[in-house]
Amino acid sequence: MGGKISGVMPHSIAEELDLHSGDILLQINGKTVKDIIDYDFLTAEEYLELTIQLANGEIVVFEIEKDYDEPIGLIFDSDVFDGIRTCANHCLFCFIDQLQPNPRPSLLLKDDDYRMSFLEGNFITATNLKEADFQRIQTLKLSPLYISVHSTDPKLRQELLGFKKDAAILPTLQRLIDYGCRIHCQIVLCPDINDGNALEKTINDLIPLHPGVASVAVVPVGLTQYQTNPRLRLYSSQEAGKILTQIETIQRHCREKLGDCFVFAADELYIKAGRPFPDADHYGEFPQLENGVGMAALFQKQWYDLSHRLPHSLSLQQKTAVVTGINGAAVLQPLLQPYLLKPQKTNLYLHTVENHFYGPQTTATGLLSGSCLLQSIPPGQYQRLLLPANMFKFDSQLFLDDLTAAQVANRLNCQIQIIEPNAAALIAALSGN
């Protein structure tokens, strides 16, 4: 066990020590380092002894004197050195269990690690927290954490998680709050299972835990074409509207009692119901943006704030398509419409791609694959494609189906430009700035 070094920061202490990619950090001041949390905590001191296993196998101890909180400058290939703690549950709606046969191995990782919840905002069920974990959360003040609640009814939660032991979540939340931890919760909503009165009860049980529980997201279940459980289905437009009405009633109560909305509906519910997205102010500090809550409102706000940077008469030199999934099209269509309908030739198109990889019921843009694009876009139709970075594996140009951006570009006889999935990046790509 140890932290495998993938690089060092320029002009850092690590560079002065001549440490390199492939070396392994074993200990700091004689203490084993399990993760980046330990590393940050232990390296804050002014005097350090680093035990390093060099790439050639030699173990060396480096003595360092530095300013308090001065960084060492090591970069690791993972934030967790002793392996991600995986999920032992068998959730009724687990998306990973709905993947296509023989997916990329990394897609099969069921992360249920409280450290990744703190570091990356990943949601955990908290069913695998041990006493030592609680003590570490308390000692290191690991906050906020992101927890999948789904239901506060112990039996229903046990059923949803496929967990054989006690699945009561309220005592766990209260204990973490007592440690000073702020928690963001999510409820993955399944038709006729944990919605309706069950949803009402769950939210009402969480309200008294505010502000320890800082926010609650209600997210509709996501299903692929490989899903086989007969109990699961998607919500209809009418049902999505009913859920939004229920949530809006609760939000009004929360604003009066707590001073904020507290519970938020995922953007997908507004798209499904055909309702306009709330204004950006509705989401406060956007506590669950990465969970698909408020992304549309933030994109719209940023677009209106920055769209003055686009020429009134947009005329692109290349025939350019903004490529998106079904959900993304609901956001982009009204924003791009003035440019798409210009009488003069703008060379701008919005191309909506249906998901053939996971099935048409999977509508998120970030779940499109290279093969989806190949099946939707005829070769030579466009000269340039603008693709959001969330279509690709992190820090790479690899689609979910392991096709590369270069391979797809070659097959479609066009250029591919990868941009961040925000309005500023899209405006910059269209304006040439």
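View 1. The strands run in the order 7-8-9-10 with parallel pairing (a pair needs at least two DSSP bridges; strands are DSSP E runs of at least two residues and helices H or I runs of at least four, numbered from the N terminus). Strand 7 (145–148) and strand 10 (263–265) are the edge strands, each pairing on one side only. Neighbouring strands are turned by 25° against each other on average, direction ignored. This is a predicted model, in which local features need pLDDT of at least 70 and side-chain atom pairs pLDDT 80 or more, while totals for chains, interfaces and linings use all residues. Residues are numbered from 1 along each chain as its sequence is written, and side-chain values use heavy atoms, without hydrogens and water.

**View 2. Contact of helix 4 with helix 6.** The axes of helix 4 (residues 131–140) and helix 6 (residues 170–178) come within 9 Å and cross at roughly 35° (axes are lines fitted to C-alpha atoms, for helices over the stretch in contact; angles run from 0 to 180 degrees between N-to-C directions). E131, F134, Q135 and I137 meet T172, R175 and L176 (contact: heavy atoms within 4.5 Å). The charged end of R175 sits over the ring of F134, 4.1 Å from its centre (CZ of Arg or NZ of Lys within 6 Å of the ring centre and within 35 degrees of the ring normal).

**View 3. The aromatic pair of Y283 and F286.** The pair is stacked, at 5.6 Å centre to centre and 15° between the planes (Phe, Tyr or Trp six-membered ring centres within 6.5 Å; stacked under 30 degrees, edge-to-face over 60, the rest tilted). Y283 is buried at 2% relative accessibility (buried: under 20% relative accessible area, exposed: over 50%, partly exposed in between; 1.4 Å probe, protein chains only). F286 is buried at 17%.
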